[in-house]
Amino acid sequence: MNRFLLIVAALVAYLLFNAFYTVGEAQQVILTQFGKPVGEPKTEAGLKMKLPFIQTVNRIDKRVLEWDGSPSDMPTKDKLYISVDLFARWRIIDPMAYFLRMRDERSALSRLDDILGSETRNAVAKHELIEIVRTTKDRIPLKDPILLENAEATKGEDSTPIGSLVPIRKGREQVEQEIFKAAAEKVKVFGIELLDIRFKRINYNDSVQPKIFERMISERRQIAERFRSEGNGEAARIRGNMTRDLNRIQSEAYRKVEEIRGEGDAKAAEIYANAYNQSPAAAKFYEFTRTMDAYKSIVTQDSTVVLSTDSDLFKYLKEAGSPSTTQ
Amino acid sequence: MSKESSAPLLKWRSPVGISPVQSFLRLFHAAPIVLILLAIVAWSSWYTVPSDSVAVLQRFGKYQAEIPPGLHFKIPLGVDVATILPVKRQLKQEFGFYTDNATNPDQYSDTPEEESPMVTGDLNAALLEWVVQYRISEPTKYLFAVREPGQTLRDVSESVMREAVGDRTVDEVLTIGRQEIEAEALILMQQLATRYEMGVSIDQVQLKNINPPAPVQDSFNEVNQAQQEKERLINEARRDYNRVIPLAEGEKDQRIREAEGYRLKRINEAEGDVARFNAVLTEYQKAPEVTQRRLYIETLQTILPDVQNKVVVDENMQGILPLLNLNRQLPQPTSQEASQ
């Protein structure tokens with residue numbers, strides 16, 4: 001008897017235990033009775049009651065959930081193969097619809113895979129790569145003053161100057177919005193609200209990468225080459241300056257020297273002229289003394305001097321002459 | 001767990017109605033298990049919250065309160081659940097690289113090499129490594145608003161970083177734009193964290209290594225080398241300039257000074273000559289004829305002794321050529337000057 005009571009008590013306890021369930025803050029619950037949903041979804045957190053055994057608890061997350069797509073390769077409008085990785089935020093706003101159509105999260109995620117995957121492909125195929133890469137339309141990039149002082153002169157392969165951004169019409173955010181709008185409509189029927197989607201990773205496909213690298217290398221080479229020629233050019237300019245300055249300095253020196261010497265000569269001439277011109281007698285005397293001086297240097301050791309006896313010096317060699325006949 | 005200590009339990013349990021011997025035997029075996037269970041219950045009804053954390057307490061799943069650091073009581077057996085969150089600790093997420101011994105499970109991903117490649121706004125590629133420092137600012141949101149907030153933050157960070165890099169040239173990303181990227185990424189991440197109600201606040205976004213992809217690295221180095229070479233070429237030319245020009249300036253000054261010396265010399269000499277001339281002139285004027293004659297004779301006296309060929313001819317003699325030895329001295333200056 002006692003044993004029987006004990007078993008009954010245990011059964012009652014088990015029943016009671018099964019009649020209660022908890023709803024977490026992050027959860028909402030749909031009760032099903034033999035697979036069929038019963039009553040409104042329970043969205044309030046706390047301890048709840050149900051019919052034991054007959055009703056089953058189906059917990060559905062109330063939080064913002066993440067969908068992280070796997071990277072997939074797709075072509076852009078400009079035929080570049082890129083690998084795109086997307087992520088999305090979503091949550092279950094209509095748990096009943098969600099429960100009826102999806103049952104569990106795995107099927108919801110795979111549905112999101114399909115919808116977002118195809119919408120992404122559509123959007124990417126409609127846009128050029130740069131529209132997905134860039135966001136701000138009119139951004140003017142900072143330029144490295146040393147690296148790109150003559151950047152306008154150096155064009156990249158697509159005639160975009162090195163160091164400037166490729167222009168865009170829409171930009172990443174708008175493309176994201178396009179994908180988001182298209183997909184949000186489609187997932188609504190599953191009781192899912194798509195909160196937003198964002199590109200997580202966009203990379204060049206492995207087959208495109210070598211070409212991109214080649215372009216980068218050729219761009220860098222251009223810059224390097226420009227540096228070298230700038231260096232040589234600037235060096236040549238400096239050497240030219242050097243020659244110019246050297247010529248200037250030397251010719252200035254020459255001019256100055258000649259001026260000064262001329263000045264000296266002129267001054268000396270003036271002094272001489274003033275002295276020798278002071279009177280006719282002075283002029284005559286100068287002529288005489290200067291001639292005498294000249295003789296000293298003109299008549300040298302190997303000169304032959306023919307002197308006549310009527311010269312002043314030798315006139316006495318022939319005869320003494322009378323004092324009256326002198327001169 | 002000695003038998004003595006389980007004695008009160010025996011008495012309490014015995015009225016259940018099984019035969020005393022049986023119940024004694026059963027409880028003898030059951031007592032340690034019950035005690036262990038009780039101990040576990042007692043043990044699990046206490047919990048400590050570390051000083052850098054708070055606990056979020058849920059009763060039957062419903063949010064109750066935020067519990068400050070310290071030792072606290074809760075209803076055991078899963079009725080109360082306390083989740084401890086390190087709200088005061090600065091948490092870190094690493095992208096593109098990882099450091100070992102991370103306590104935060106969201107600190108790094110399993111595939112850091114997939115996080116770093118990015119496409120820049122001039123359609124180049126760059127490899128980035130960066131760190132995000134954040135804090136759990138609102139524990140309830142962190143727990144209840146978003147599932148996997150850590151992973152979400154990682155995705156947000158990657159997305160935002162690519163947005164910032166996508167708007168910049170490769171040169172900005174690699175060199176001059178680093179701070180700008182950090183600032184922009186921080187603002188964008190803060191905005192998104194708020195919008196997603198993740199309950200975290202972003203403190204800092206720091207860029208670590210930024211490199212061009214490995215195959216391109218050499219050409220980037222080449223640019224640096226070319227830059228150095230440019231500097232070198234210019235410096236060499238400047239060196240030549242500096243070697244030549246100041247010297248030429250000095251030489252110029254030297255020549256000018258020499259010329260000035262020449263000028264001074266000329267003037268002084270002229271003045272000297274004139275002084276001498278004037279002195280002699282004064283005397284000459286006193287007796288012009290005598291002085292002149294004296295000077296003439298004196299001069300000839302000075303000159304003639306050195307002259308080896310001296311011919312004195314009579315004033316009536318007509319031809320003097322036969323007297324001259326023309327073979328010996330061909331360029332013969334006939335000194336007619338001497339005959340005045």
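1. Axes are lines fitted to C-alpha atoms, for helices over the stretch in contact, and angles run from 0 to 180 degrees between N-to-C directions. Helices (H or I, at least four residues) and strands (E, at least two) are DSSP runs, numbered from the N terminus. The model is predicted: local features need pLDDT of at least 70, side-chain atom pairs count only at pLDDT 80 or more, and totals for chains, interfaces and linings use all residues. Residues are numbered from 1 along each chain as its sequence is written, and chains are lettered from A and ligands numbered from 1 in the order in which they are written.

2. Between the chains, helix α7 (residues 280-298) of chain A and helix α9 (residues 288-303) of chain B have axes that come within 9 Å and cross at roughly 5°. The two are therefore roughly parallel (angles under 35 degrees count as roughly parallel, over 145 as roughly antiparallel, 65 to 115 as roughly perpendicular and the rest as oblique). Residues in contact (C-beta atoms, placed from the backbone, within 7 Å) include A:Phe288 and A:Met292 of α7(A), and B:Leu295 and B:Tyr296 of α9(B).

3. The interface as a whole brings 109 residues of chain B into contact with 105 residues of chain A. Helix α8(B) supplies the largest share of the chain B side, 41 residues. That side divides into 49 nonpolar, 27 polar and 33 charged residues, where Ala, Val, Leu, Ile, Met, Phe, Trp, Tyr, Cys and Pro count as nonpolar, Asp, Glu, Lys and Arg as charged, and the others, Gly among them, as polar.

4. Within chain B, the axes of helix α5 (residues 149-166) and helix α7 (residues 178-195) come within 9 Å and cross at roughly 135°. The helices α5(B) and α7(B) are therefore oblique to each other. Their contact has eleven nonpolar, one polar and two charged residues.

5. Chain A holds an open sheet of three strands in the order β3-β2-β5, with antiparallel pairing. Strands β3 (36-42) and β5 (55-61) stand at the edges, each with a single partner strand, so one side of each lacks a neighbour in the sheet. The twist averages 25° from one strand to the next. Seven bridges join β2 (residues 27-33) to β5(A), and A:Val29 has A:Arg59 as its bridge partner in β5(A).

Definitions and conventions
Two residues are in contact if their C-beta atoms, placed from the backbone, lie within 7 Å. Two strands pair if DSSP finds at least two bridges between them.
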